[in-house]
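Please view the sequence and the structure first.

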Amino acid sequence: MAKRSSLSIRIVEGKNLPAKDITGSSDPYCIVKVDNEPIIRTATVWKTLCPFWGEEYQVHLPPTFHAVAFYVMDEDALSRDDVIGKVRLTRDTLASHPKGFSGWAHLMEAGPNEEVQGEIHLRLEVVLGTHASPSRLRCSVLEARDLAPKDRNGASDPFVRVHYNGRTQETSVVKKSCYPRWNETFEFELEEGAMEALLVEAWDWDLVSRNDFLGKVVVNVQRLSSAQQEEGWFQLQPEESKSQRGEGNLGSLQLEVRLQDEMVLPSICYQPLIQLLCQEVKLGTQGPGHLISVIEETTSAECRQEVATTLLKLFMGQGLAKDFLDLLFQLELGRTNEANTLFRSNSLASKSMESFLKVAGMRYLHGILGPVIDRVFEERKYVELDPSKVEVKDVGCSGLHRPQTEAEVLEQSAQTLRTHLVALLSAICRSVRACPVVVRATFRQLFRRVRERFPSAQHQNVPFIAVTSFLCLRFFSPAILSPKLFHLRERHADARTSRTLLLLAKAVQNVGNMDTPVSRAKEAWMEPLQPAVRQGVVQLKDFITKLVDIEEKEELDLQRALNSQAPPVKEGPLFIHRTKGKGPLASSSFKKLYFSLTTEGLSFAKTSSSKKSAFIKLSSIRAAEKVEEKSFGSSHVMQVIYADDVGRAQTVYLQCKCVNELNQWLSALRKVSINNTGLLRSYHPGIFRGDKWSCCHQKEKTDLGCDKTHSRVALQEWNDPLDHDLEAQLIFRHLLGVEVALREKHRLLSGEREADVSHTGHHGAPEDPLARLLNVLRDLREAHSASQAGPPPREPHHLLKLQT
C-alpha cells in the first residue's frame, strides 16, 4: 500500500493588478511553488492588469508537503522581475475542501520574513538534575538544508540563534552555503514548571546591512520534558504577519486547486474490479446489466470528465480502449433519434473520446498543427473578416502613407486565412499513415456504427460528421484556439495573433460541420472563405474514407511494428556541461545537443535528424535533480546521477531554457526510472569544485548528499506511463461516492427482474453485474480499513508504457 498525493491546479485569471510599468500596465505571469520549490511558470500576458491564463496542471508530490504558493510576477526585460503579490494555501486548507478550493483570492504582499524555506536538523534533550544541580535543556544544532539564498551569489551566510528563558546563544557563521553544518551544542538551565518555549532562529549574516531572517522553529519544552529526547528535521517557519498587508490593493487571483490523497492498495486487491469492468466492455451492449451504462447514469456532469479520463486510462492499460469507446458509441446511438444532435452533448462518450485523442493523438496533432501555428505566430499579420471590427491601417512606404480601405483589409485577411486553411487541410490529408493505429481503428468503429444507425441517403454525411465532431470540433479547433494549452507554444498569443487563430478555428469548424447551411448562416461575414471551406469538405471526406479503411490484420501488423519500437517519452534540445581545462580554476561551458529519452535510456545527437549516440541506460539512473544556480552561474540546470558500466557513480549536468522545461525533463526522468533499484535518497545540489562541494563544503567527493532527493515530485503529462493501480483506485473512490445511487438502481432493476420472472416463469438467472460490483466495492472498502489498521504491504509499483 502506498499513499499518493497530487494537486490539480487551474490558474484562471487575475483582476485589478497594480501597474508596475511606466506605461500604466503590467506584464503578469504566475510562478507556482510547492514548499518554496518552483514547479510551474505560466505564460506572460502582455500589457494588461486583468490577465487571463486558463492554464491547468497536475502535480504529483510527497504527502508530507506543507503549502502551495502562487506568485503573480511582472516580467521586465531590463531588470529583475517584480513580485506583485502572492496567494498561499496550506495543506490543511486544501484538505478542508474535499471538492477543491475554487474562487477569487486577494493577493498579499510577499514580505521578506515570510519567504522562508528549508529544514533544520536538531537534537533536543532534557538532562535531569540532581539535588546539587538543576535540570538542563540541551539543544544541538547539527545542520540545515535548502535554506533560502539571500545573497547575490545565490547562497547565504547562515548562523543560528537559540533563545530560552531570557538567554541567547549563537552558532558560528557558515559562509556561502544553503546547506550548512554546525554540530554545535548549547545548554540552558531548566526551571521547574517554566512555560517558556525554546526558540531556534536561522539568520543570514550580512557585513554592511541587516541580517536576513531565514526561518524559525518553536519547541514546546513541556512536551519535550515528558519525552526526554527528540531528534529530527524541523520545517523552518516564517514570522507571523503582523497585518494583512496589501489586502484589496494588489488585485485578486482566481484559482481552482484540489488536493487528492489516495491510499493505493496492492494490485491484487483491484483485480476483481478490473476484471468485472473489462468483462462488461468485452460483452458490449449484449451484457445482462449494462454496467457501464449504469455508471454513466450515476455520474454527475461536474465529475464526468474526470471519470471519463480515468476509465479510459484503465481500459488502455488493459488493451480495451477501442472496445470501451465502441460500447459508449453504441449506448449514445441507442438513445439518439436526431442525427444533428449526435455526440453534441457532454456525455461520457464525448468526454472519453476527448481524453482518448489527447492521450493517444497528441504527438499526431503536433505534427499536423505545429508548422501552421508557428507560421501564424511568426507572421503576426492583422487579420479581420467581420466588417464591424475592421481597423483601417496606414500602408505604404515612408512619406507616402495612405489609409488602407476596408475592402483591402478584408481581402488581405481572407487571403491570409485561406493560405493557412489550405496548408492545414493539405497536412491533414497527407497524414493517414501518421495517424496512430488505435485512433484509426476507433474512428473505423465510430464510422461503421453511425452508418448502421443512420443508413438512409439523406444521412450520408452523418458518419463523416461523427468523425469530424471529435477530430475537428473537439481536437484540432481547440488546439488552434489555445495552442499554449495543447503544448504547441510556450507563450499565449497576443491580441492580433489570437484573432487570427480564432478565425482559423472557426473555418476548421465549418469544414468539420461539412459546410452545413446552419454553420454558414451563423456568421455571414465568413463567406470569403467559402470556396476554401467547400474544397476542404471534399478533401476531408476523402481523408476520412482512407483513415477508416483499416482492416483488423493491418491494424495488428501496424501495432506490432509500433510495439517493437521504443517510443520517445520526451525529446528536445538541451545544453550539456563541458569543462575546459583542469584544476579548480577550470572554466565551464554548455554545448547544445538534441536529447531523446525513451523507455530504454537517454541518448543525444547533434541535431534531431542526426544519428543518436547511446548515453545513459534507463536502468542505471539513480536520481534526477536540480542544481543550485550559483554552481555554474546559470539557472535551470539539472543533474542526472547514474551508474557507469563498472558501478561507479557519474553525474551529467544539463541546462534547460526555462523552469517549465526543467521540471518537464525532471518529471520524465523520474517517472521512467521510478522502479530502478538503487535510487538515491540524498544528493548534492551543488558541484564538487576544487576540494569540496559547493553546497555543503564537505571535503570528500563520495560523501552522502546534503539534501533529500525529490523522486516523487513530478508533473503529469499527456504521454505519462499508465498507472493501472492508481486508475483502479480512482474508479473505486468514485463508485464509492455514488454507492447509494448504485444500490437504488440495483433495487429497481431487481424489482423489474422479479416481475419478469413471475410473468414468464423463468428462474435461475445468474447474479447481475451490478450486484457483483456492489460486492466488490464492499470488499475493497474492507481492504482499505484493514490496510490502515496494520502495516502496509511492500509491493513494487509497476507502470505500463503508453502505446499509441
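The sections below describe selected side chains in this predicted model.

## Cysteines

The structure contains zero disulfides. Cysteine 30 has 0% relative accessibility, so this residue counts as buried. Cysteine 472, at 2% relative accessibility, also counts as buried, because buried means under 20%.

## Aromatic pairs

A pair of aromatic rings is described by the distance of the centres and the angle of the planes. The count for this model is 14 aromatic pairs.

One of them joins phenylalanine 329 and phenylalanine 343, with 5.8 Å from centre to centre and 75° between the planes. This pair is edge-to-face, because planes over 60 degrees apart fall in that class. Phenylalanine 329 belongs to helix H6 (residues 321-334), while phenylalanine 343 is in the loop between H6 and helix H7 (348-379), so the pair ties together parts 14 residues apart in sequence. Phenylalanine 329 and phenylalanine 343 are both buried. Together with Phe470, Phe329 and Phe343 form one aromatic cluster.

Tyrosine 364 and phenylalanine 476 have ring centres 6.5 Å apart and planes at 40°, so their pair is tilted. Tyrosine 364 is in helix H7 and phenylalanine 476 in helix H10 (residues 462-481), so this pair ties together parts that are 112 residues apart in sequence. Tyrosine 364 is buried, and phenylalanine 476 is buried too.

## Charges over rings

Tyrosine 71 has lysine 33 over its face, 4.8 Å from the ring centre. Over the ring of tryptophan 233 sits the charged end of arginine 145, at 3.8 Å from the centre of that ring.

Note on methods. Residues numbered from 1 in each chain as written. Predicted model: local features only at pLDDT ≥ 70, side-chain atom pairs only at ≥ 80, totals over all residues. Heavy atoms only, no water. Disulfide = S-S within 2.5 Å. Buried < 20%, exposed > 50% of the residue type's maximum accessible area, 1.4 Å probe, protein only. Phe/Tyr/Trp six-rings, centres within 6.5 Å; stacked < 30°, edge-to-face > 60°. Helix = DSSP H or I, 4+ residues; strand = E, 2+ residues; numbered from the N terminus. Lys NZ or Arg CZ within 6 Å of the ring centre and 35° of its normal.
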